[in-house]
Amino acid sequence: MVTYKDAGVNIEEGYKSVKLMKEYSAKTFIPGVLNGLGSFAGMFELGKYKNPVLVSGTDGVGTKLKIAFQMNIYDTVGIDCVAMCVNDILCHGAKPLFFLDYLACSNLQAKVASDLVKGVAEGCIQAGCALIGGETAEMPGFYAKGDYDMAGFAVGIVEKDGIIDGSTVKEGDALIGITSSGIHSNGYSLVRSLIKDFDDSFGEDTIGKVLLTPTKIYVKPVLGLLKKFNIKAMAHITGGGFFENVPRMFREDFTAVIDKKSYEVPDIFKYIMDLGVEEKQMYNTYNMGIGFVLCVDPKDSEGIISELSKMGEKACVIGTVRRGEKKVCLK
């Protein structure tokens with residue numbers, strides 16, 4: 001008799017992984033969650049809003065996963081998966097409500113899968129949202145043995161009159177950069193083409209562990225700012241670096257003038273440049289030490305930076321807005 005296990009799918013291992021995942025997801029539950037993992041769909045009650053708008057975003061971890069698997073470190077990349085989604089919807093002023101993940105592999109290992117979801121749960125806790133569902137797909141013959149892929153999506157909410165869309169940006173506004181935690185989750189195909197031994201030392205750690213530093217989640221500090229200051233526009237510095245992402249916050253034709261000397265570029269980016277990547281490509285691929293950008297009235301800059309400092313975030317004015325083509329100008 002032929003079984004599903006003979007075809008490469010271990011149902012029992014799947015049951016084991018789901019049991020472990022439930023423990024992690026339960027830690028993320030916030031008011032509004034109506035059911036836990038195990039049902040056919042996750043349910044979330046919106047609560048009291050005058051004119052609510054749902055804001056959604058989806059993303060994956062990319063080839064950063066390759067480094068995680070090579071180093072047998074599985075419980076951090078889930079944070080990246082959440083961060084890439086919630087930081088995007090945050091750009092419009094949305095508070096993340098819930099997250100769903102998708103995990104695919106060739107042959108499921110319950111401990112590996114649960115560690116990956118453990119990271120997702122930690123990311124949800126950092127973002128203040130709930131992990132209310134997901135999918136784990138075991139696909140032998142489709143993925144290479146030992147490979148996993150991870151993606152997910154977040155849904156957030158914002159009052160319609162509170163949507164941040166860049167409509168009030170004007171010439172002379174200040175651009176405040178909030179520091180990143182490292183490379184985050186973009187440009188890893190380039191990194192892997194340049195760096196072959198992830199056990200090489202880098203400062204007080206290995207280069208592999210530095211590269212696996214989770215993407216910073218900006219939700220809590222930025223939502224805190226929105227209660228006190230008028231933030232005109234925001235940008236998550238994700239794939240495409242400065243050149244692609246900063247102009248996305250503008251509705252009209254404005255040029256973002258970025259002063260490269262306004263902050264210290266972290267050593268990891270200098271290391272990559274030393275391996276042969278030119279500076280312009282770096283700013284077109286990586287966050288270069290700035291993971292999130294706020295566009296504000298110059299008079300609010302000092303107060304915002306001070307408030308961020310109280311919340312443990314490093315920030316500074318990195319540039320200004322001027323009339324012109326919708327682009328980024330480095331100086």
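The end C-alpha atoms of residues 170–326 lie 13 Å apart, and this span is 31% helix and 24% strand (helices are DSSP runs of H or I with at least four residues, strands are runs of E with at least two, and both are numbered from the N terminus). UniProt lists this stretch, in an unreviewed entry, as "domain: PurM-like C-terminal"; UniProt positions follow the numbering used here, feature names are shortened, and annotations may be inferred rather than shown by experiment. You are looking at a predicted model, in which local features need pLDDT of at least 70, side-chain atom pairs count only at pLDDT 80 or more, and totals for chains, interfaces and linings use all residues. Residues are numbered from 1 along each chain as its sequence is written, and side-chain values use heavy atoms, with hydrogens and water left out.

**The chain as a whole**

- The protein chain has 11 helices and 12 strands.
- Along the principal axes, the C-alpha atoms fill a box of roughly 75 × 55 × 35 Å.
- Of the 331 residues, 50% are buried (buried means under 20% relative accessible area, exposed over 50%, and partly exposed in between, with a 1.4 Å probe and protein chains only).
- Among contacts between residues at least 6 apart in sequence, 85% join residues at least 24 apart (contact means heavy atoms within 4.5 Å).

**Surface and charge**

**Residues 53–158**

- The unreviewed UniProt entry gives this span as "domain: PurM-like N-terminal".
- Here the chain is 37% helix and 37% strand, with the end C-alpha atoms 5 Å apart.
- Val77 belongs to helix α3 (residues 77–90) and is buried, at a relative accessible area of 0%.
- Beyond neighbours within four places in sequence, the contacts of Val77 are Val61, Lys64, Leu65, Ala68, Leu116, Met150 and Leu212; the C-alpha atoms of Val77 and Lys64, 13 residues apart along the chain, are separated by 7.7 Å.
- Ser114, in helix α4 (residues 110–127), is buried at 1%, and it touches Leu20, Met21 and Tyr24, not counting residues up to four places away in sequence.

**Residues 170–326**

- Take a look at His184, in the loop between β5 (174–179) and α5 (188–194): phi is near 65°, a positive value in a residue other than glycine, and His184 counts as buried at 1% relative accessibility.
- Met288 sits in the loop between α10 (279–283) and β10 (290–296); its phi, near 55°, is positive in a residue other than glycine, and Met288 is buried with a relative accessible area of 1%.
- Glu307 lies in helix α11 (residues 301–310) and counts as buried at 14% relative accessibility.
- Leaving out residues up to four places away in sequence, Glu307 touches Leu225, Lys228 and Phe229.
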